[in-house]
Amino acid sequence: MTQQTQTIDAKALYTAVKDCMMRDQFRLKKRIDGARKIKNESARQNVFAEIAEGIAGSKALVEARITGTPAIDYPEQLPVSQKKDDIADAIANNQVVIVAGETGSGKTTQLPKICLELGLGTKGIIGHTQPRRLAARTVANRIAEELKTEMGQHVGYKVRFTDQVSASTQVKLMTDGILLAEIQNDRFLNQYDTIIIDEAHERSLNIDFLLGYLKELLPRRPDLKLIITSATIDPERFSKHFGNAPIIEVSGRTYPVDTRYRPIGDDSDDSDRDQLQAIFDAVEELCDEGPGDILIFMNGEREIRDTADALNKLKLRDTEVLPLYARLSAGEQNRVFQSHIGRRIVLATNVAETSLTVPGIRYVIDPGTARISRYSYRTKVQRLPIERISQASANQRKGRCGRVAEGICIRLYSEEDFLSRPEFTDPEILRTNWRPLFCR
Ligand SMILES: Nc1ncnc2c1ncn2[C@@H]1O[C@H](COP(=O)(O)OP(=O)(O)OP(=O)(O)O)[C@@H](O)[C@H]1O
Ligand SMILES: [Mg+2]
């Protein structure tokens, strides 16, 4: 029988709690508060001993996470890798940092690694949000691969219907919708020591709600780090929102992309036919350029099916046509990322517009339109009309090539048309009739 020889005092316990997992700290503090009220000395000591055990367990987990942190290196050629020390300093010295950079510069894949190197992701998780499930899943795969760890171990992801996160997970990819939902059960986001809001320039309702909520939360969680990434457009907006948080601009991309304008001819009255012809012509032009897969942006599943049928009828040599949209199963979506022989033409909705790296893609064809959710004041319903996309969206689409080699992007509209477009898409909040009560 071991006998309790040392008395435990509350102060030592409070101090020890600071080394625990963040998610346990609040609960443990409450238990110490409660135990202190126990009048009977030996009963109090018993409860203190139980709490000390809980603290030791939580501290052991922190220790294991620290020693288990995988070795970190950075792909040298990426612009973010080259600015890594500046970015690390900014994160160490500020609660909020904005990182703005070109497509493919390494924001999404390298920032979590910089955080790990700073010792973040040990007492809490580094939460990393993506606008879409497909991106959350494939980015998690990529980071796990770069850190040479199994999925779910140090890097995991959580999206609707799938949770690949364990006690050792240090970097957790998720959709911004998932993080928003988690707030309902964890108002202080205590499981995290870092939040990365990726692709903030998309300004979806989810992102705007998160940015609003986080601004209120930060003073109450002084230990929480927030990193916001944005395309190069207007990072000042985010900086202002967060009390002039520093902006780190990362310039340049690794491989050049040649942009060609091939406006759709309007010889006939049938605009679908004209678009199809323009796509055929662009495919032919790209096939003459040499090997490499082609990514074509489409407005929806039906258009994908029709275009796939038409392309299949052309019987292009060694060519496979693959669809990519949100409703496909993970397995069907994965086909796009698997290596293969011959040429692939991927027909994708906007799920492929941001964040993704599909290694085989050398070429992009951008017809310049998308279904954009809009509230109709006339009919009082939310609709999904096909509209011309903004310059920012077009640049995101172009950025899907030129990631692992030089690329070519064919825009099925003129340069004047491109330049006449709005710089970025209106934030979603302006495209709904949702207004905070005080604005009604
Ligand atoms: N799955 C992958 N396979 C091969 N290379 C990859 C993969 N994911 C990323 N990379 C490489 O890392 C680079 C940086 O990717 P990352 O997603 O971090 O860029 P980003 O700055 O977030 O771009 P974007 O603005 O388009 O989201 C890519 O351009 C590519 O060279
Ligand atoms: Mg990214």
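Biologist: In which loop is Thr149 found?

Modeller: First, the ground rules. This is a predicted model, where local features need pLDDT of at least 70, side-chain atom pairs count only at pLDDT 80 or more, and totals for chains, interfaces and linings use all residues. Residues are numbered from 1 along each chain as its sequence is written, chains are lettered from A and ligands numbered from 1 in the order in which they are written, and side-chain values use heavy atoms, with hydrogens and water left out. Helices (H or I, at least four residues) and strands (E, at least two) are DSSP runs, numbered from the N terminus, and Thr149 is found in the loop between H7 and S3.

Biologist: Is Thr149 buried or exposed?

Modeller: Buried means under 20% relative accessible area, exposed over 50%, and partly exposed in between, with a 1.4 Å probe and protein chains only. Thr149 has 12% relative accessibility, so Thr149 counts as buried.

Biologist: Which residues is Thr149 in contact with, leaving aside neighbours within four places in sequence?

Modeller: Contact means heavy atoms within 4.5 Å. With those neighbours set aside, the partners of Thr149 are Pro70, Ala144, His154 and Val155.

Biologist: How are helix H6 and helix H7 oriented to each other?

Modeller: Axes are lines fitted to C-alpha atoms, for helices over the stretch in contact, and angles run from 0 to 180 degrees between N-to-C directions. The axes of H6 (residues 107–117) and H7 (residues 133–146) come within 10 Å and cross at roughly 50°. Angles under 35 degrees count as roughly parallel, over 145 as roughly antiparallel, 65 to 115 as roughly perpendicular and the rest as oblique. H6 and H7 are therefore oblique.

Biologist: Which residues of H6 and H7 make the contact?

Modeller: H6 passes H7 in a right-handed crossing. A crossing is right-handed if the near helix is turned clockwise from the far one by less than a right angle, and left-handed if anticlockwise. H6 contributes Thr108, Thr109, Gln110, Pro112 and Lys113, and H7 contributes Val139, Arg142, Ile143 and Glu146.

Biologist: Which residues does His128 contact, leaving aside neighbours within four places in sequence?

Modeller: His128 lies in strand S2 (residues 125–130). His128 is buried, with a relative accessible area of 0%. Beyond those neighbours, His128 is in contact with Thr108, Pro112, Ile143, Lys172, Leu173, Met174, Ile196 and Asp198.

Biologist: How are H1 and H3 oriented to each other?

Modeller: Helix H1 (residues 10–17) packs on helix H3 (residues 41–68) with the axes 10 Å apart and an angle of about 20°. That makes the two helices roughly parallel.

Biologist: Is the crossing of H1 and H3 left-handed or right-handed?

Modeller: In this packing, Ala10, Leu13, Ala16 and Val17 in H1 meet Phe48, Ile51, Ala52, Ile55 and Lys59 in H3. The crossing of H1 and H3 is left-handed.

Biologist: How many aromatic pairs does the count come to?

Modeller: A pair of aromatic rings is described by the distance of the centres and the angle of the planes. Rings of Phe, Tyr and Trp (its six-membered ring) pair if their centres lie within 6.5 Å; planes under 30 degrees apart count as stacked, over 60 as edge-to-face and the rest as tilted. By this rule the count is two.

Biologist: Why is the pair of Tyr261 and Phe418 tilted?

Modeller: The ring centres of Tyr261 and Phe418 are 6.4 Å apart, and the pair is tilted because the planes stand at 50°. This pair links distant parts of the chain: Tyr261 is in strand S9 (residues 257–261) and Phe418 in helix H15 (residues 415–420), 157 residues apart. Phe418 is buried, at a relative accessible area of 9%. The angle asked for is 50°.

Biologist: What is the geometry of the pair Tyr375 and Tyr377?

Modeller: Tyr375 is buried, with a relative accessible area of 15%. Tyr377 counts as exposed, at 55% relative accessibility. Their ring centres are 4.9 Å apart and the planes stand at 85°, so the pair is edge-to-face.

Biologist: Is Leu189 buried or exposed?

Modeller: Leu189 is found in the loop between helix H8 (176–182) and strand S6 (192–197). Leu189 has a positive phi of about 50° although it is not a glycine. With a relative accessible area of 0%, Leu189 is buried.
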